[in-house]
Amino acid sequence: MTPITFSLATCEFVLASDLDSYDKQTANHLIAMDETAKPLRIPPEMAIYAEKHEIFDLVQTLVMNLMVDKPEDPIQYLVGLLKRGSVEVPRVMLLGPPASGKRTIARKLCEHTQVIHITASNILKEDTDLTKKALQYKAKQQEIPGDLWIKLIQQRLSKIDCVRRGWVLEGIPQTREEALSLQEAGVAPNHVVLLEAPDAVLIERSQGKIIDPVTGDVYHITFIWPEDKEVVQRLERQKAVSEEQLVAQLMQHHRKVHALRKTYLNCLKSIDADQPHVDVFDQVLTYILSQHRSVAPHTPRVLLFGPPGSGKSLQAKLISQKYNIVNLCCGELLEAVSADATNMGELIKPYLESGQQVPDSMVLQILTERLSRLDCTTRGWVLHGFPRDLEQAEKLQESNFIPSRVFFLEMTDDVAIERVTLRSIDPVTGERYHSLYKPAPSPEVQTRLQFNPKDSEAQLLRRLKEYWANASSLQDLYPEAVHINADQDPHTVFESLESRLVGRLPKSLPDRGQNYS
Amino acid sequence: MATPREQEAADYLRKHKIIELMDNLTSMLFFYRPERPNEFLITQLEQLRVSKMRSLDCPSLFNDTNLDAVLGILDPTKQGHITFVQYKEALTTLGIEKFNECPEGVAKDKISQETFKREAKEGLQRSSATFISK
């Protein structure tokens with residue numbers, strides 16, 4: 001059993017000791033002598049808690065750090081690690097040929113996310129024994145030996161400011177050997193950005209490139225010109241980089257970058273630097289805030305919202321088939337319950353028959369009962385048709401069935417009208433047809449077709465009005481919801497849904513002045 | 001074939017019983033579900049450290065009332081003792097891997113409640129005190 005399932009097994013047992021609050025099944029397991037493989041029943045509160053606080057990733061990071069640093073006293077080390085605050089900080093390597101804009105992007109990143117900016121030159125500006133040794137080499141015009149360089153980088157990155165706020169390494173590493181030595185030393189980035197642009201563009205750019213001697217900022221005659229007059233004066237006296245030097249640097253870069261790409265294959269992203277630098281920055285920032293696929297165990301709990309005709313039932317069916325999660329349509333659920341001869345069924349039958357809306361309390365009771373059944377808690381669920389308004393949504397939140405993904409399928413009313421009013425069904429075969437998109441195959445079938453009275457234009461307009469009246473308040477309640485354009489063919493919509501369902505949600509930028517996590 | 005670094009890492013994990021430590025910590029987290037997991041973990045780790053220094057009781061998920069509840073399940077008629085098979089099952093379910101296979105009373109297959117509680121407590125201490133190397 002994996003560590004987490006084992007610890008959950010011990011928890012289950014603890015809960016069983018408190019017999020009046022938990023399932024007696026677990027108690028029977030003790031008395032029974034043979035080990036029947038019962039499915040492990042994890043209370044939904046634990047799963048929600050684990051997802052909300054990202055426990056899996058926390059434990060993973062702790063163990064990863066332990067394995068890299070291998071401290072003698074792991075308990076002390078873990079306390080230190082946890083005390084430092086957020087364990088997840090940005091760790092970025094920014095690579096690319098000269099004149100691709102690394103300095104500009106790195107500076108902007110620091111402004112936006114408070115990370116520490118590290119370059120080959122500012123490492124040497126520290127005042128330590130190692131840097132003094134390195135400077136000696138530089139003074140003699142010699143290359144700094146590889147292992148000394150790696151030690152320097154490691155030392156800089158283990159300082160408290162880098163550990164707390166994260167770092168962006170600009171232009172480091174230059175070669176595959178450097179990259180591998182960094183890995184061995186325990187320096188591993190979360191994201192590697194490789195800026196790319198055609199050589200001609202880079203050469204042209206470098207013609208206008210000027211470096212401020214005091215701050216080290218990079219400016220350009222055409223694209224980035226400083227506003228401060230003092231800076232302008234300083235720059236006017238500088239010269240641009242010579243073309244031959246640049247071509248030589250470019251050749252060297254091309255040789256090395258291929259190997260670097262392979263080293264960081266799983267966290268590297270190439271970004272086209274031949275664009276205005278604001279656009280490049282936006283792309284870089286989005287990538288850095290995105291989270292890689294996590295292997296954390298995750299039960300999907302999806303809410304699908306959308307006007308009638310937006311394809312909720314279809315998408316829900318596709319999702320539930322592909323990922324083996326339970327498909328719950330609120331309307332169908334209510335009808336199924338009323339067909340049973342239970343108390344609840346008798347209660348809601350009159351409402352369904354007369355066409356009135358079933359009271360919220362009953363719907364909620366039925367829904368929570370269904371959602372707490374074993375198949376929903378273990379496999380996950382996708383729900384559509386509920387909640388319809390803010391009140392229902394709030395009650396759902398209170399009942400502790402918090403969705404992990406919320407989608408709003410967006411569509412204009414005229415598309416909705418077109419899609420819904422022309423819907424029909426063949427009562428003999430059960431096939432659904434549409435007068436425009438999927439007409440009946442033969443006149444025989446055409447005569448048989450039946451139209452659902454709910455799909456008439458008058459009813460549809462009423463339903464649409466109701467939907468839009470509630471839509472904005474629902475959207476406010478779920479700020480992390482994803483909006484998908486439903487006015488496309490079903491498979492495109494499904495792909496958009498999938499990409500947001502399976503991947504992790506990107507991190508959002510904190511307000512200035514707070515820590516990253 | 002594991003590289004030397006992989007071997008080192010695996011040895012380190014085994015020597016300091018990191019997996020067991022993480023197990024215990026995550027169990028605590030899921031049971032108590034604190035609002036601030038980082039602080040909770042710090043408290044647990046500090047307690048562990050203190051108990052290591054002063055050989056006190058380690059924090060564990062199970063306490064006396066839990067053990068009494070277990071005995072209640074196993075011995076509903078309150079005879080005062082349980083069978084050896086029950087004893088083994090119970091200790092395994094509690095998560096104790098290495099327990100005393102020959103506790104007092106095994107000859108008559110009647111393990112008294114006190115013996116069970118004592119063995120269980122010792123076993124639990126051993127699982128929580130992951131810092132003690134084999």
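Biologist: In which helix of chain A is A:Thr104 found?

Modeller: This is a predicted model. In it, A:Thr104 sits in helix α6, residues 102-113 of chain A.

Biologist: Why is A:Thr104 called buried?

Modeller: Its relative accessibility is 17%. Buried means under 20%, so A:Thr104 counts as buried.

Biologist: What is A:Thr104 in contact with, leaving aside neighbours within four places in sequence?

Modeller: A:Ile224 and A:His277. Contact here means heavy atoms within 4.5 Å.

Biologist: How do you know what span to expect of α6(A)?

Modeller: The helix has twelve residues. The expected span is 1.5 Å times one less than the number of residues, which gives 16 Å for α6(A). From first C-alpha to last, α6(A) reaches 16 Å, close to that expectation.

Biologist: Which residues of α6(A) are buried, and what covers them?

Modeller: The buried residues are A:Lys102, A:Arg103, A:Thr104, A:Ile105, A:Ala106, A:Leu109, A:Cys110 and A:Thr113. Their cover includes strands β1, β2, β3, β4 and β6 of chain A, along with helix α15 (277-289).

Biologist: What makes A:Gln114 worth a remark in its phi?

Modeller: Phi of A:Gln114 is near 65°, a positive value in a residue other than glycine. A:Gln114 follows α6(A) and is found in the loop between α6 and β2 of chain A.

Biologist: Why is A:Gln114 called partly exposed?

Modeller: Its relative accessibility is 30%.

Biologist: Where is A:Ala99, and is A:Ala99 buried or exposed?

Modeller: A:Ala99 is in the loop between β1 and α6 of chain A. Its relative accessibility of 12% is under 20%, so A:Ala99 counts as buried. A:Ala99 also has a positive phi, about 70°, although it is not a glycine.

Biologist: Why is β1(A) said to be largely enclosed by the rest of the structure?

Modeller: Because four of its five residues are buried.

Biologist: How do you know which strands pair with β1(A)?

Modeller: Pairing needs at least two bridges. Four bridges join β1(A) to β3(A), and the two run parallel. Four bridges also join β1(A) to β4(A), again parallel. In β3(A), A:Trp167 is the bridge partner of A:Arg91. In β4(A), A:Val192 is the bridge partner of A:Met93.

Biologist: What makes the bond from A:Ile172 to A:Pro173 cis?

Modeller: Its omega is near 0°. A:Pro173 lies in the loop between β3 and α11 of chain A. Another cis peptide bond joins A:Phe386 and A:Pro387, with omega about -5°. A:Pro387 lies in the loop between β10 and α21 of chain A.

Biologist: What is the strand order of the open five-stranded sheet, and why are β9 and β14 called edge strands?

Modeller: The order is β9-β10-β8-β11-β14 of chain A, with parallel pairing. β9 (326-329) and β14 (482-485) each pair on one side only, and they are the edge strands. The twist averages 20° from one strand to the next.

Biologist: How many bridges join β9(A) to β10(A)?

Modeller: Four, and the strands run parallel. A:Cys329 stands opposite A:His384 in β10(A).

Biologist: Which helix lies across β8, β11 and β14 of chain A?

Modeller: Helix α24, residues 457-477 of chain A, running at about 145° to β11(A).

Biologist: What makes a set of residues a nonpolar core, and how many residues has the largest nonpolar core?

Modeller: The members are buried nonpolar residues joined through side-chain atoms within 4.5 Å. The largest such core has 54 residues. Those with the most contacts inside it are A:Ile118, A:Leu157, A:Trp167, A:Tyr264 and A:Val284. Its largest share, seven residues, comes from α15(A). A second, separate core has 31 residues, among them A:Met344 and A:Phe408.

Biologist: What does A:Leu157 touch beyond four places in sequence?

Modeller: A:Ile118, A:Cys162, A:Val163, A:Trp167, A:Leu169 and A:Val187.

Biologist: What confidence does the predictor give chain B and the complex?

Modeller: Chain B has a mean pLDDT of 78, and 89% of its residues reach 70 or more. The complex has an ipTM of 0.73 and a pTM of 0.62.

Conventions
Residues are numbered from 1 along each chain as its sequence is written. Chains are lettered from A and ligands numbered from 1 in the order in which they are written. This is a predicted model: local features need pLDDT of at least 70, side-chain atom pairs count only at pLDDT 80 or more; totals for chains, interfaces and linings use all residues. Side-chain values use heavy atoms; hydrogens and water are left out. Buried means under 20% relative accessible area, exposed over 50%, partly exposed in between (1.4 Å probe, protein chains only). pLDDT is the predictor's confidence in each residue, from 0 to 100. Axes are lines fitted to C-alpha atoms, for helices over the stretch in contact, and angles run from 0 to 180 degrees between N-to-C directions.
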